[in-house]
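Q: I have a structure open and have not looked at it before. Can you walk me through it?
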Amino acid sequence: MLRTPLKMLVLLVIGAMLTLTPTYAQAPEGQEYTVQPGEWLSQIAEQFLDDTNRYTDIVEATNAKAAEDDSFTPITDPNVLEVGQKLWIPVPPADTATPAFAGTYTASLPAADTPGREMTLTLNADGTATRTTDYLNGDAPIEESGSWEDNGDGTVTVTLTGRPTVETPDVITYALVDDVLTAVEYDVEAYGSEGLSLQKQAETVDETTVQPENVVGIYKTMLPGGSSPGLDSTLYLNVDNTVRLVSDYLNGDPPIDEMGTWAVENNQVVVTLTGQTDRVYDTPVVTTYNVDAGTLVEINPEPVPGAYVSRYLPFDALATGLEPVPYNADAAQQEITEAGYGGIYKAFLPAATCCGRDITLTLNPDGPAFMSTNFLNGEPPIMQTGTWTEVGEGRIDITWDGADSPLMLELVDGTLRTTADEDTYGSVGLTLYYYPIIAINSNLPTVTGTVTYSESMVLPSDALLTVRLADVSLADAPAEIISEQIITVGGQQPPFAFELPYNPRTFDPTRTYAVQARIESNGELLFINDTAYLVLTNGAPSHVDLVLVSTGPAAAAAPMAGCAEVATIASEDAPPDRSNYLAYGDDSPVNSDIVGTVLPVDSQAADATTQWRDAVLNELGYCSGNFAPEQVTVYNTGDGQATIVTASNVLFDDSVSAQEVRLDLVEQDDGWQVEWGGVRFLCARGDNTTELQPALCP
C-alpha cells in the first residue's frame with residue numbers, strides 16, 4: 001500500500017513543532033499553481049518544496065501575492081482550499097535542491113584487453129562507499145571500499161582504495177543529473193577520454209515482505225456497540241516503534257488512551273500495550289495483525305465463527321479517497337429514512353497542519369448536536385456544540401453556538417453532505433457516513449479459501465468463477481445465499497483465492513453453512529463442486545480449499561484431444577534467433593492475443609514439458625479442432641526464462657505449407673508470462689519454397 005510522505009514526517013514525533021514560517025514583506029520569487037480536486041496544502045508543499053511542513057510558506061507567499069495581485073485570494077484557513085484557487089509557490093530553499101546521492105549506480109564500460117567492464121558503485125547513507133568491477137573475463141571481480149562526501153554544490157567526491165595495482169586512492173568527483181552520476185574530475189588514463197557515467201538504480205523492495213517503514217502510520221477501526229453506541233479506535237504506529245491506541249466508546253466518556261510498543265515479527269505486526277497514562281498493566285496486552293493491502297487485520301489465536309474481526313484501515317488513505325469507506329449506501333439510506341437523522345456520523349479529511357481530520361458528528365434525537373474534529377496530532381479535539389433541525393425533505397441545518405450561519409447538510413446516497421451553497425469545507429465539501437453502517441461493514445468476519453480443479457486444461461479468458469457462502473440447513477429448500485464473489489478469469493489460471501464476508505448479526509451457530517463454486521464460459525457450465533465444503537459451525541473451519549470437477553466435454557475448455565500425442569522435447573541448445581521470425585504486434589502484419597498471457601506452468605514438475613505443450617497449444621488454439629502441430633520444443637527452462645517453438649508441417653492454405661511459432665516467456669509469481677512472440681512460414685510458391693522465412697507468403 002502506498003504511504004504518503006505526510007504521515008511519515010508527522011509521526012516522527014506526534015505533535016512536533018512545525019517549521020517556522022517566514023513573513024514576506026512582498027511576494028517572493030516563485031510560481032503560480034492552480035488547486036486541483038482532492039489536493040490540500042501539505043500535499044502541495046511536499047510536491048514543490050519537499051517538505052509537508054512548508055505549507056505555511058505557501059500560505060504566507062500566497063497572501064503576500066494577493067496583496068499585490070487581486071487575482072489571488074488570501075488563505076485564511078489552511079485546511080480549506082477551493083478547486084481552481086490560485087496559489088503562489090515560493091522558490092524551494094537551497095537545501096531542498098541538493099541531490100540525494102545515496103544509492104546504487106551501474107555502468108557497462110569498454111576495456112582494452114577484456115570483453116568489457118561491468119561496474120557497480122554503492123554510496124551508503126552512512127557515508128561509506130563500495131565499488132565492484134567485473135572485467136567479464138572469468139576472473140573474480142575487483143572489490144573496493146572507501147567513502148563519499150557531498151560537496152554541497154551538486155557534486156559528490158568518492159574516495160576508494162583496494163585496487164591491487166594502484167597504491168594511491170582512486171578519487172573521483174561526480175555530478176548527479178537526472179539519476180545519472182557523471183565523473184567531472186577523474187583519472188583520464190584509467191577511464192579514457194569518453195568519461196565515466198553510471199545510472200542510478202531504483203530501490204527494489206520485496207512486496208511480499210512487510211517493511212516496518214511501510215507500516216508506520218495512523219489507523220482507524222470502528223466496531224458496533226453492545227453497551228455503548230460503538231467503539232471508535234485510533235491506532236498510532238510511530239516511527240520510533242512506540243504505539244498509542246485511543247478507544248472512544250462514543251458515550252460521552254473520555255476515551256481510553258493506551259501506550260506501548262510495536263514491531264514486525266514473522267511478517268506480521270505485533271502491538272504490545274503496556275498501560276495507560278496513569279497506570280501500568282500488570283500483564284501487557286499483545287495483539288498480532290496481518291498486513292493486507294495496507295490494512296491491519298487482527299489475528300485471533302482461537303477464532304470464533306460469527307465474531308467481528310478488527311480491521312484497522314490506514315487513515316491517510318481514507319482521508320484522500322485511496323481507501324474507500326466500508327459502507328452500504330442503500331442500507332444507510334433506508335435506515336436514516338426510516339429512523340430519522342438522529343445518530344452518530346463520521347468523516348475523514350486531509351489537513352494542511354498535520355495528520356488529518358477525524359470528525360465525529362452526534363445528532364441527538366431531541367435536537368442537540370455535537371461535533372468533534374480531531375487533527376490526530378496529539379492535541380485535544382476541537383469541540384462544537386449547537387442544535388440541529390430538519391428543514392425539508394432530505395435536508396438538515398446545524399446551528400453551532402456562536403456561528404453566524406448554519407451548517408447545511410443534505411441526505412445523498414446514505415450520507416450527509418454539505419450543500420452546493422455551503423462552502424465551510426471548500427469545494428470538496430464534507431461527507432458524513434452513518435456510523436452503524438461503517439461499523440458493520442468494516443469488520444465483517446470472512447470465509448476464505450481457494451478454488452482449483454484436477455484436470456489438465458486451460459480456462460478461456462472469458463470464464464467466470466462464482467463462489468458463494470450459503471445456508472444449506474434445509475434439505476428440502478433452496479440454499480440461502482449469504483455472500484457471493486464473482487471472479488473474471490481474464491487469462492489467469494487456478495488456484496483462485498476467494499474471500500466471502502458475512503454479517504455476525506445474522507449469523508446463526510445452530511445452522512449449517514457451506515461454500516459452493518462453479519466455473520462457466522459463454523453460458524456453459526465447465527466445473528462445479530461435487531463435494532459439500534462445510535464451514536463455520538459444528539466444528540467446520542472458516543478456510544476451505546475447493547477442488548472442482550468437470551461437467552463433461554466443453555469446446556471452450558476441452559481436454560487436450562488432438563494434442564495429447566504431439567511430441568514435446570526439452571533442448572539445451574540455443575533457440576533460433578528472434579530476427580528469423582515475423583514478430584507479433586499491433587504494428588505487425590500478424591498479431592496474437594497470447595502475448596502478455598500468463599501460463600500456469602510448473603517448470604520444476606516432472607511433467608513440465610507436457611504442461612508447456614498443453615498450455616501453449618491451447619492458448620494458440622491449435623487443439624480446439626482437427627489440427628495439431630508435429631512438435632513442441634522447450635528451450636532454456638529453469639533460469640527464469642523459457643522459449644517455446646511449435647513446428648507444424650501441414651498445408652494451411654494454397655500459399656503456406658508449414659509454419660513455426662516462437663514464444664519467449666519470463667517467470668512470474670503466478671506462472672510464465674509470454675513476453676514476445678513471432679512466426680515464420682514455409683511458402684508453397686514463390687522464390688523460396690525450401691526455407692522458413694519471416695515474411696508473409698505470396
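Q: Which residues does R117 touch, not counting residues up to four places away in sequence?
A: R117 touches A107, S108, L109, P110, A111, T133, D134, Y135, L136, A190 and Y191. Contact here means heavy atoms within 4.5 Å.

Q: What should I know about the model before going on?
A: This is a predicted model, where local features need pLDDT of at least 70, side-chain atom pairs count only at pLDDT 80 or more, and totals for chains, interfaces and linings use all residues. Residues are numbered from 1 along each chain as its sequence is written, and side-chain values use heavy atoms, with hydrogens and water left out.

Q: Back to R117. Where is it found, and is it buried or exposed?
A: R117 is found in strand β4, residues 117-123. R117 has a relative accessible area of 11%, so it is buried. Buried means under 20% relative accessible area, exposed means over 50%, and partly exposed is in between, with a 1.4 Å probe and protein chains only.

Q: How many helices and strands are there in the chain?
A: The chain has 9 helices and 41 strands. Both are DSSP runs numbered from the N terminus: helices are H or I with at least four residues, and strands are E with at least two.

Q: And how much of the chain is buried?
A: Of the 698 residues in the chain, 44% are buried. The chain exposes about 34,900 Å², and carbon and sulfur atoms supply 49% of that. Those areas come from the Shrake-Rupley method with a 1.4 Å probe, and for residues only the protein chains shown count as cover.

Q: What share of the contacts comes from residues 24 or more positions apart?
A: They account for 50% of the contacts with a separation of 6 or more.

Q: Let's do helices. How do α2 and α3 cross?
A: The axes of α2 (residues 41-49) and α3 (residues 55-68) come within 8 Å and cross at roughly 95°. The two helices are therefore roughly perpendicular to each other. The cut-offs are under 35 degrees for roughly parallel, over 145 for roughly antiparallel, 65 to 115 for roughly perpendicular, and oblique for the rest. The axes are lines fitted to C-alpha atoms, for helices over the stretch in contact, and angles run from 0 to 180 degrees between N-to-C directions.

Q: Which residues meet there?
A: From α2, L41, S42, I44, A45 and L49 meet Y55, D57, I58 and V59 of α3. The residues of this contact divide into 7 nonpolar, 1 polar and 1 charged. Ala, Val, Leu, Ile, Met, Phe, Trp, Tyr, Cys and Pro count as nonpolar, Asp, Glu, Lys and Arg as charged, and the others, Gly among them, as polar.

Q: How many residues of α3 are buried?
A: In α3, 10 of the 14 residues are buried, including T56, A61 and K65. The buried residues of α3 pack against α2 and β2 (86-90).

Q: What about P90?
A: P90 is found in strand β2 and is buried, with a relative accessible area of 5%. The C-alpha atoms of P90 and T62 are separated by 8.6 Å, though these residues are 28 residues apart along the chain.

Q: Where is F498, and what does it touch?
A: F498 is in strand β30, residues 496-501. At 4% relative accessibility, F498 counts as buried. Residues touched by F498 include V447, T448, Q485, V515 and L546, leaving aside those up to four places away in sequence.

Q: Last one: A293 and L536. Where are they, and are they buried or exposed?
A: A293 is found in the loop between β16 (279-292) and β17 (295-299), and at 58% relative accessibility it counts as exposed. A293 has a positive phi of about 50° although it is not a glycine. L536 is found in the loop between β33 (533-535) and β34 (543-550), and at 5% relative accessibility L536 counts as buried. Phi of L536 is also positive, near 75°.
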